[in-house]
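The exercises below are meant to be worked through with the sequence and the structure in view. Each task is followed by a solution that goes step by step.

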Amino acid sequence: MARTTPHDHPLTALTALTDQQPLYWRVAARLLGELRDGAVPPGERLPGERRLAERFGVSRETVRQALEVLRRDGLLATDRRGSHATLPRSPAQSPASSLTFPVGARAAEPRTGDRATVAWEAPPPEHAEALGLAPDRPTLVHRYASATADGIGRRTAVTSFSAVALAEVEELARYRDRADGTASAQLRRAYDWMRRAGLALHHRDTITRLADTPSVRVVRRVHDQYERPLEITDLLVDARQDALVYEFTLPAAG
């Protein structure tokens, strides 16, 4: 009888792992679990080989072999930007709630123009204080603007990220080298990136109506489970609302 090896079966057919299977195969199976539970959504880039090697306590060569298994089974696609998840997600695996960054952002519509950019610069003084940054210390600053074709419903938001957010969240840190204030930068998945980095997100949104104007100001402060500030957003939106404050916590992924 011919002897079979893990190479003879697709990874998706495995139902259990044993110590007899190669180390790279076990790493591939753990990555498959992350793909299936939505921790790495379809189209999302996986962390680099070095970071994966540190996470699993293996060599980079073992990680390369594991990624090759996933690519062979059609679960990953690789291009010049790295490896991307391709495993479709079933409705049951979709997140219970998906928060859009920044606060107040809306899905693009035919009559809606959205613009978002990032810059590496000193944040507004109020932001620096909230994030524990020294005056004039630069950080990643995100600017968002949206308006319908007729100019009604205009929204503008400025978000500043803390040193903690940039150190913990690889996807955010990557923007530093291209944060020239002009290039388009859609960070709609910023909160998902934070959760994937193991951060539980606590939001406090303060909403107030500005006197003698039709505008409402929303100030969002986000910190993690260790009370470390992650970001602060200042949003102005054309609307008429009473002031209110609400809080909620979004647990870390996994």
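**Exercise 1. Describe the protein chain as a whole.**

Solution. The accessible surface of the protein chain comes to about 13,900 Å², and 51% of this belongs to carbon and sulfur atoms (Shrake-Rupley method, 1.4 Å probe). The model is a predicted one, in which local features need pLDDT of at least 70, side-chain atom pairs count only at pLDDT 80 or more, and totals for chains, interfaces and linings use all residues. Residues are numbered from 1 along each chain as its sequence is written, and side-chain values use heavy atoms, with hydrogens and water left out. Next, the chain has seven helices and 10 strands (DSSP runs of H or I with at least four residues, and of E with at least two). Of its 254 residues, 39% are buried (under 20% relative accessible area).

**Exercise 2. Work out how helices α2 and α3 pack.**

Solution. Begin with the geometry: α2 (residues 49-56) and α3 (residues 60-72) meet at an angle of about 105°, and their axes lie 9 Å apart. The two helices are therefore roughly perpendicular to each other (65 to 115 degrees). Then list the contact (heavy atoms within 4.5 Å): α2 contributes Glu49, Arg50, Leu52 and Ala53, while α3 contributes Arg60, Val63, Arg64 and Leu67.

**Exercise 3. Characterise the surroundings of Thr233.**

Solution. First locate Thr233, which lies in strand β9 (residues 229-238). Because its relative accessibility is 0%, Thr233 counts as buried. Finally, the side chain of Thr233 forms a polar contact of 2.9 Å with that of Glu231.

Definitions and conventions:
Axes are lines fitted to C-alpha atoms, for helices over the stretch in contact, and angles run from 0 to 180 degrees between N-to-C directions. Angles under 35 degrees count as roughly parallel, over 145 as roughly antiparallel, 65 to 115 as roughly perpendicular and the rest as oblique. Buried means under 20% relative accessible area, exposed over 50%, partly exposed in between (1.4 Å probe, protein chains only). A polar contact is a pair of N or O atoms within 3.5 Å; within protein, one must be able to donate a hydrogen and the other to accept it, and residues adjacent in sequence count only if both atoms are side-chain atoms.
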